[in-house]
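Dear colleague,

Please find below the structure that I am handing over to you. My notes on it follow.

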2 protein chains.
Amino acid sequence: MRPVAIIGAGKTPFGAFPDQDIRSLSLTACRDAMADAGVTPAEIEAFYLGNFAGPAFAGQNHLAPYIAAASGLEGVPATRFEAACASSGSAFFHAYSAVAAGLYDIVLVAGVEVMTAQPTAKVTEILAGAGDLNGEVRAGATFPALFAMIARRHMHQYGTTREHLSQVAVKNHAHGFLNPGAHLRKRITLEQAVNGRPVSEPLNLFDCSLVSDGAAAVVIAPLERAREFSAQPVKVRGIAQTSDRVALDEKADITTFPAVVSAGKKALAMAGVTAEDIRVAELHDCFTIAEIVALEDLGFCPKGQGGPFSATGATSLGGAIPVNTSGGLKSKGHPVGATGVAQLCELTAQLRGQCGERQVPNVQLALAQNLGGSGATCVVTILEAA
Amino acid sequence: MRPVAIIGAGKTPFGAFPDQDIRSLSLTACRDAMADAGVTPAEIEAFYLGNFAGPAFAGQNHLAPYIAAASGLEGVPATRFEAACASSGSAFFHAYSAVAAGLYDIVLVAGVEVMTAQPTAKVTEILAGAGDLNGEVRAGATFPALFAMIARRHMHQYGTTREHLSQVAVKNHAHGFLNPGAHLRKRITLEQAVNGRPVSEPLNLFDCSLVSDGAAAVVIAPLERAREFSAQPVKVRGIAQTSDRVALDEKADITTFPAVVSAGKKALAMAGVTAEDIRVAELHDCFTIAEIVALEDLGFCPKGQGGPFSATGATSLGGAIPVNTSGGLKSKGHPVGATGVAQLCELTAQLRGQCGERQVPNVQLALAQNLGGSGATCVVTILEAA
């Protein structure tokens, strides 16, 4: 296995774009990533697309050749990967593996979702397709309800408080306010966050990520060729994809995700580093409780301490391990299929020193964690300034 | 890249199974494939699932970990691949690549679709998601209509006749009659086939493949380890996945699929053989005209001669190159996401001499062609008795 690097990144803003469709958003991200890498479409040898529910949200299936051809790619293997909210993290994992193994040199990886054209109830129903239809979904559970159960149990088991959850929201909104590409650039106070409109107790509106449209893309290449294309390549230092049961009720302990623990350990071992070596992270905050659990499962803090750890400011800009400098799914937005690659775009920008007001100083190692469903898929990627 | 072999195959019958669901069918195929290979779930290092539209047909998304966990796989990368009707062909291509590159040794690849619970109009609408929503689909085209245009143009350009189309149907029904796992085991006469109820002129009911439920799975391993598991491993001698534009109206000539031509050439070149060396083939006969075009695009006969070539009996059992001994999509059935791997199951059985009444004698090389949409994805695989 040879080392692999990101040589270009491109991303649309996230938001509600009624004048765009799944193809036009994808094209923008793909073209920007290819331009950033200085490669032409004819140089791309394979296309990997992450998309969760294009058929349900937009009516369009068979999306990989659809977007590949529109992007000017000709005849190359073009494949769609679906792994719920980890769809484009998974596409990246497979693309990385193919380049690392020497199957291709130059590969384009994208993620896309358009969600805002659907009414909220329909969005909730489509998202519920990532749960267990025969069990929890049939019983009426939506994803806010599943993560509400996780939050409630975490509160019971570890003493996590309403304020702990809200501090995550306040922090991610403060970060997203500094990101011109974020969906909801709005600072909120702890009081606002605590008193948000109830969604599924104990989660309120400010605990839930956004329903967004958007696309993100990266171009990867073998590290040995990276400087042909980029003055600032970003090395993939470690990566792992793991799986677990889909249904929350089949899990032994709903306050931890074994797939996250396992992916984190594997990626860190591959990188030969520990969580303390990571200087900035994008964690999958589909709900505030998910960021708290991820902090624990990845070893950034002891089990059960994600709430108090966040309350210390450790995960804020200026803290020991700033988390979700992009604003996260909470403020940057969460076009499901785009999220995994969008995390990598943010970290690439951090490692290149391109993040302006939200730049973390002296970043050498960064970690992305992309979660599918209530923990049935996880992809953890560790990036390094090359 | 090291040689790779199929070491186990399993498949449900294809048909309408109102008492089964997407998970139970998948489980049956996966367990049968693992039993055939003599491997336990704990030995499987990664899971590759082809599925076109589980969310739309069955409400269930995030299918790969859903089925992996139910099959007893623990924590391994579990990924769903969607490439329209080539979904599981594509899953197999990526799984093959990973094992060939040395990423894993023992990998399970499955395909599944449940379609018959939906009313026909809904099935047609879901399938149309593999066309171009902004163009041909918005204009009202369904897949029977798109392939009807291909047939009409082929007739105009090459003199293909109504009878040529029907001879493909008669032959595939005759083959499927010999396959206990086929959906519609019913011999038909040329007169019946010619006079079928119109669907989209010139295609009638007997020109169209079936709407089916079913699943298929194979286990693959490096060839050097294959005999640890199987007395009759089947080597992957050549394979390629290619892409093209989704919309039929964007193609220069609708009587040929560039993705098929290209995938065929690449797979044959990789195998170091020509079309004449192939002794049995499973071709993607979603419509009778598709089998005729595939015969031409893959070089089994000259361009335009697919109809007359079929009429000679060359593609029937006992002919020079028996095509679709399983009955094909026409008689065996076409649970979309299962089709690519099901083709490989049939060819594995042929190469092992397990096909009973439909066995082709002395098979050494076999070819499968799996098509997505109206030619936007193609996977061609060449298998050899190891």
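**Relation of the two copies**

Chain B is superposed on chain A by a rotation of 180° with 0.0 Å of shift along its axis (RMSD 0.0 Å). The two copies are thus related as by a two-fold rotation axis; the superposition is by least squares on the C-alpha atoms of residues with pLDDT of at least 70 in both. Of the interface residues of chain B, 100% are also interface residues in chain A, so the copies meet through the same surface.

This is a predicted model, in which local features need pLDDT of at least 70, side-chain atom pairs count only at pLDDT 80 or more, and totals for chains, interfaces and linings use all residues. Residues are numbered from 1 along each chain as its sequence is written, chains are lettered from A and ligands numbered from 1 in the order in which they are written, and side-chain values use heavy atoms, with hydrogens and water left out.

**Strand 1 of chain A**

Helices (H or I, at least four residues) and strands (E, at least two) are DSSP runs, numbered from the N terminus. Strand 1 (residues 4-11) of chain A is largely enclosed by the rest of the structure, because seven of its eight residues are buried (under 20% relative accessible area, 1.4 Å probe, protein chains only). Strand 1 of chain A runs antiparallel to strand 7 (residues 214-222) of chain A, joined by seven bridges, and G8(A) stands opposite V219(A) there. Two bridges join strand 1 to strand 8 (residues 234-243) of chain A, also antiparallel; strands pair if DSSP finds at least two bridges between them.

How values were computed. Buried means under 20% relative accessible area, exposed over 50%, partly exposed in between (1.4 Å probe, protein chains only). Contact means heavy atoms within 4.5 Å.
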